[in-house]
Amino acid sequence: MKKGILLSLMSLFFVVSMSGQKYFTRDGKISFFSDTPMEKIEAHNSKATSVLDASNGNLEFAVLIKAFQFEKALMQEHFNENYMESSKFPKSSFKGKVANIKDINLKKDGEYNATVKGQLTIHGVTKDVETTGKFVVAGGKISAKSTFNVAVADYDIAIPAVVRDNIAKTVKITVDIKFEELKQ
Amino acid sequence: MKKTILIGVLVLGAIGAITAYFMYNKPHKDMEAASADITLEATALFAAFQADEQAANAQYLDKVVQVSGKVKHVTEEDGKISVTLDSGDEMSGVVCQLDDLSTPSRTDFKEGEEVTFKGMCTGVLLDVVLVRCVEVP
């Protein structure tokens, strides 16, 4: 009898651990766009890391600020040295959850809308954020996309008066990830 | 007299505008010509970040770092090639993302091959990440 319970517990444990699917990437694309009548600025980073745990919806991102690449060297310099202080704060990160993970079947082809909630840390300042995104599962390959806005002032980033008209107060951020299954 | 002042102001203004224009259009660092600030093995670079991330950041960020190591794997995403060098750790490596602004002499890196890259060190996530890497033959 005891053996039976033990066995069923073990098989249950096995099933639970099997369904605890994790996905990750180390080649995630994160870009941002600042658009004012004076100037359009964009920068791209294709080395973001992300981990998604499909069993509970836990989602994390991390990105190195110095790996953002701009068209103009001067902008990249100002971004790193003056605005983001990337030597002091080399990373930005997000830790949170896909709130509606239960409605998303990453094993089945399709498009799924996602609501993501969590804490975003930029320039050493952490804020609660909520945004929407989309998971696309096609041929077993999982990709995720999201676009959201961040107010520069929320993260204590000071823009000097001289360039105030050149840099948007709200910056658009796009996330484009292809997840791979994490084999444990 | 007044004319001289006016001309002087105009000349200064023009110099200012030209300087501003060139500063605004300042080119990115030429990675092919750049000389390495620090040269070390990929395993040593990773070990430094493992041991003390803050100290390693202070030492390596924004520096042209030249790393040598064994190719663990090569990935390509939208034409951007990244070569991961063995760091001695199973989960992590030293990622060298090839420079966008110059043409690489080759991209056919083989697993297990010994290579040397110089690039800008940007920090550590799962891997130590170097961007704008150029192969050092």
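This is a predicted model: local features need pLDDT of at least 70, side-chain atom pairs count only at pLDDT 80 or more; totals for chains, interfaces and linings use all residues.

Reader: Thanks! How many residues does the largest nonpolar core have?

Author: Phe68(A), Val98(A), Phe135(A) and Phe179(A) are the members with the most contacts inside the largest nonpolar core. Apart from it lies another core of 26 residues, among them Val83(B) and Cys121(B). As for the largest core, its number of residues is 44.

Reader: Which phenylalanine does Val98(A) touch, residues up to four places away in sequence not counted?

Author: With those neighbours set aside, Val98(A) touches residues including Leu52(A), Leu59(A), Ile104(A) and Val116(A). Its list also holds Gly57(A), Ala114(A) and Thr115(A).

Reader: Now the interface. How much area do chain A and chain B bury between them?

Author: In contact there are 26 residues of chain A and 29 residues of chain B. Arg26(A), Lys47(A) and Lys66(A) lose the most area on the chain A side, together 25% of what that side buries. Of the area buried between the two chains, 55% is on carbon and sulfur atoms, and the total is about 2400 Å².

Reader: How far apart are the closest N and O atoms in the salt bridge of Lys29(A) with Asp78(B)?

Author: Across this interface the rule finds 6 salt bridges. In the one that Lys29(A) forms with Asp78(B), the closest N and O atoms are apart by 2.3 Å.

Reader: Which element gives the largest share of the side of chain A that touches chain B?

Author: Several elements give two or more residues to that side, among them strand 1 (22-35), strand 2 (40-53) and strand 3 (58-64). The largest share is 5 residues, and it comes from helix 2 of chain A.

Reader: And how many residues on that side are charged?

Author: The residues of the side of chain A that touches chain B include 9 nonpolar and 6 polar ones. The number of charged residues is 11.

Terms used. Residues are numbered from 1 along each chain as its sequence is written. Chains are lettered from A and ligands numbered from 1 in the order in which they are written. Side-chain values use heavy atoms; hydrogens and water are left out. A nonpolar core is a set of buried Ala, Val, Leu, Ile, Met, Phe, Trp, Tyr and Cys residues joined through side-chain atoms within 4.5 Å. Buried means under 20% relative accessible area, exposed over 50%, partly exposed in between (1.4 Å probe, protein chains only). Contact means heavy atoms within 4.5 Å. Buried area is the accessible area (1.4 Å probe) that two parts lose on being put together, summed over both. A salt bridge is a side-chain nitrogen of Lys or Arg within 4 Å of a carboxyl oxygen of Asp or Glu. Helices (H or I, at least four residues) and strands (E, at least two) are DSSP runs, numbered from the N terminus. Ala, Val, Leu, Ile, Met, Phe, Trp, Tyr, Cys and Pro count as nonpolar, Asp, Glu, Lys and Arg as charged, and the others, Gly among them, as polar.
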